[in-house]
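Me: Could we go through the packing of this model together? I'd like to start with the aromatic rings.

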Amino acid sequence: MNTLDERLANRLHDIVDGEPGSVPPVGALLERGRRARRRRTTTLVGATCALLALGVATAATVATTPAPGRPGVTAEASPPEPASPAIRLVSALTASENISYRMRLINSGPQGLTYEGAFDPRTATGYVRVAQDDSVMTELLINGTRYEGAEPPRGKLPADKDGPGETYGRYGQYPGRYDRLSLYGDGNSVLGAAAPDPAALFTALKSANATISENPDGTLHFGYTTSDKVGSTTTSGDVTLDRDGRIAKVALTGSWQTTAKGRLDKGTFSSTLELFDYGVTVTVKRPTDVVKVKK
């Protein structure tokens with residue numbers, strides 16, 4: 001599918017069944033689609049496709065031909081219902097896909113790391129860096145080819161790590177083709193999915209059986225719980241949109257417990273993903289010191 005309306009219609013099939021007795025507010029949804037489409041392309045007209053995919057039709061005014069001797073009757077359709085939180089999220093995610101952006105992922109805690117980078121999904125080109133005390137771990141993606149290496153630390157090297165170590169500026173080139181960055185996650189988690197591809201967030205939430213609602217301030221909220229034989233994790237998050245209706249921030253918090261070590265361990269976590277500068281030009285230069293990695 002190529003048009004924004006077609007992608008919206010396709011994703012609506014995933015959420016309409018979860019809202020008993022409801023009909024998607026097509027009028028409000030298509031207006032979001034038109035606004036986003038005008039920002040991204042002026043050549044695609046897909047409203048009809050969305051209507052066909054949803055199996056519904058709307059009209060601003062329905063006029064009937066007056067019978068002889070009877071006055072004309074004009075019936076106006078009632079205003080569309082406000083879009084549900086799930087549909088708002090689908091609309092925002094659809095507007096956030098297939099466009100380049102910068103990202104920042106901040107993990108909490110004393111060992112928390114901050115990842116910064118940029119990515120263009122159309123060319124599979126981007127980078128992400130995470131500063132550590134002894135190096136800056138770096139991943140480069142150039143037209144689908146992945147390179148991973150380390151650059152010198154931004155500060156003074158710690159005394160306990162001063163000495164022979166890895167070669168700064170040397171990168172491993174991995175075989176195969178890749179369509180997303182991976183240094184900060186494999187894409188299976190909610191944040192791991194959203195960082196390389198904002199539009200993948202809904203798929204990740206759907207697979208986690210998350211509930212989606214709206215906060216009083218208009219931001220979107222989600223929550224879900226996962227469990228296995230030794231423990232469980234409860235996660236909640238808030239999604240903020242930018243002025244163009246795209247994903248701007250995903251703030252995640254949660255708690256976990258496990259008996260994997262024969263005792264009950266508990267903890268909490270939080271992470272914040274920021275996406276910004278949509279449409280930025282992403283250019284990555286191939287490193288000069290490259291060693292091919294064999295799998």
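Reply: Rings of Phe, Tyr and Trp (its six-membered ring) count as a pair if their centres lie within 6.5 Å, with planes under 30 degrees apart called stacked, over 60 edge-to-face and the rest tilted. By that rule, ring pairs link Y101, F119 and Y278 into a cluster. This is a predicted model, where local features need pLDDT of at least 70 and side-chain atom pairs count only at pLDDT 80 or more, while totals for chains, interfaces and linings use all residues. Residues are numbered from 1 along each chain as its sequence is written, and side-chain values use heavy atoms, leaving out hydrogens and water.

Me: How many aromatic pairs are in the whole structure?

Reply: The search finds 3. One of them, Y101 with Y278, is tilted, at 6.0 Å centre to centre and 50° between the planes. This pair links distant parts of the chain, 177 residues apart, with Y101 in strand β3 and Y278 in the loop between β13 and β14 (289–292); strands here are DSSP runs of E with at least two residues, helices are runs of H or I with at least four, and both are numbered from the N terminus.

Me: Are Y101 and Y278 buried or exposed?

Reply: Y101 counts as buried at 1% relative accessibility, and Y278 is buried with a relative accessible area of 15%. Buried means under 20% relative accessible area, exposed over 50% and partly exposed in between, using a 1.4 Å probe and protein chains only.

Me: And what about F222 and Y224, how are their planes set?

Reply: Their planes are at 15° and their ring centres 6.4 Å apart, so the pair is stacked. Both F222 and Y224 are buried.

Me: Switching to helices, what angle do α4 and α6 make?

Reply: Helix α4 (residues 85–95) and helix α6 (residues 200–207) pack at about 140°, with axes 8 Å apart. The contact, meaning heavy atoms within 4.5 Å, is made by L89, V90 and L93 of α4 with L201, F202 and L205 of α6.

Me: Which residues touch the most other members in the largest nonpolar core?

Reply: L89, V239 and I247 do, out of 30 residues in that core. A nonpolar core is a set of buried Ala, Val, Leu, Ile, Met, Phe, Trp, Tyr and Cys residues joined through side-chain atoms within 4.5 Å. The largest share of this core, 4 residues, comes from α4.

Me: What does I247 contact?

Reply: Leaving aside neighbours within four places in sequence, I247 is in contact with several residues, including L89, L93, V239, L275 and Y278.

Note on methods: Axes are lines fitted to C-alpha atoms, for helices over the stretch in contact, and angles run from 0 to 180 degrees between N-to-C directions.
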